[in-house]
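User: Hi! Could you walk me through this model? I'd like to start with the terms you use.
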Amino acid sequence: ERLPANFAIAPGVVVPAGGYLYDTFRVRYALATQRKLSGTLAASRGSFYGGTRTTADYSGRVGFSAHLAIEPTVTFNWVDLPYGNFTARLVGARFVVAPSARLGFSSLTQFNPSAHTLSSSVRMRWDYIPGSELFVVYSDGRDTAVGTFPTLQNRSFAVKFTRLLRF
């Protein structure tokens, strides 16, 4: 990776501009996806911006029925760099509701305590004709470092329409 300018990767830790090479060793264990409780445990260690990064994560799925599921995720990164050390954590959950094979709703919430951010989104996917879809997505990002209730930093609303044309 080539960085054209210095950047702050964490509070008080600035990575200088330059070229960086990475090597990573990763181990994963996956539980069978056809079960009601499934997921993946993983760990990795390798080079990262001239130092090392050790990562542990879990992403799973709890299927209550064919139409309802919760997908929790947890990630920890321990980073040791010549310019400083830090720990980054990310916790999230996706809720999935699929009333039919052609219509689905999902919401994603992620909390990053290191960056003091809380992000969330809600998405609707409608497969109105096989191969053609309509997506409607609402997202927002909040700052958890200020006050008792997270303050709004950004908000978006998007609509995506695709149509399969066969010739």
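Analyst: Happy to. Buried means under 20% relative accessible area, exposed means over 50%, and partly exposed is in between (1.4 Å probe, protein chains only). This is a predicted model, in which local features need pLDDT of at least 70 and side-chain atom pairs count only at pLDDT 80 or more, while totals for chains, interfaces and linings use all residues. Residues are numbered from 1 along each chain as its sequence is written, and side-chain values use heavy atoms, with hydrogens and water left out.

User: Thanks! Is His116 buried or partly exposed?
Analyst: His116 counts as partly exposed, because its relative accessibility is 38%. His116 lies in the loop between β10 (103–112) and β11 (117–129); strands here are DSSP runs of E with at least two residues, numbered from the N terminus. The phi of His116 is near 55°, a positive value in a residue other than glycine.

User: And what about the phi of Tyr49?
Analyst: That one is near 50°, also a positive value in a residue other than glycine. Tyr49 sits in the loop between β6 (37–48) and β7, and Tyr49 counts as buried, at 7% relative accessibility.

User: Switching to salt bridges, how many are there in the whole structure?
Analyst: A search of the whole structure finds five, a salt bridge being a side-chain nitrogen of Lys or Arg within 4 Å of a carboxyl oxygen of Asp or Glu. One of them joins the side chains of Glu71 and Arg94, at 3.6 Å from N to O. Glu71 is in strand β8 and Arg94 in strand β9, so this pair ties together parts that are 23 residues apart in sequence.

User: Which residue does Asp140 pair with?
Analyst: Asp140 forms a salt bridge with Arg142, where the closest N and O atoms are 3.6 Å apart. Asp140 is buried, with a relative accessible area of 9%, and Arg142 is buried as well, at 18%.

User: And Arg125?
Analyst: Arg125 forms a salt bridge with Glu133, with 3.5 Å between the closest N and O atoms. Glu133 is partly exposed, at a relative accessible area of 24%.

User: Which residues are closest to its centre?
Analyst: Of the 13 residues that line the largest pocket, Phe86, Ala88, Asn112, Ser114 and Ala115 are the closest to its centre. The elements giving two or more residues to the lining are β2 (7–10), β8 (68–81) and β9 (84–100). β9 gives the most, with five residues.

User: Last one: where is Ser65, and how far is it from Leu41?
Analyst: Ser65 is in strand β7 (residues 51–65). Ser65 and Leu41 are 24 residues apart in sequence and 23 Å apart in space, C-alpha to C-alpha. At 35% relative accessibility, Ser65 counts as partly exposed.

Methods
1 Å grid on protein atoms, 1.4 Å probe; cavity = no way out; pocket = protein on both sides within 12 Å on 5 of 7 lines; lining within 4 Å. Helix = DSSP H or I, 4+ residues; strand = E, 2+ residues; numbered from the N terminus.
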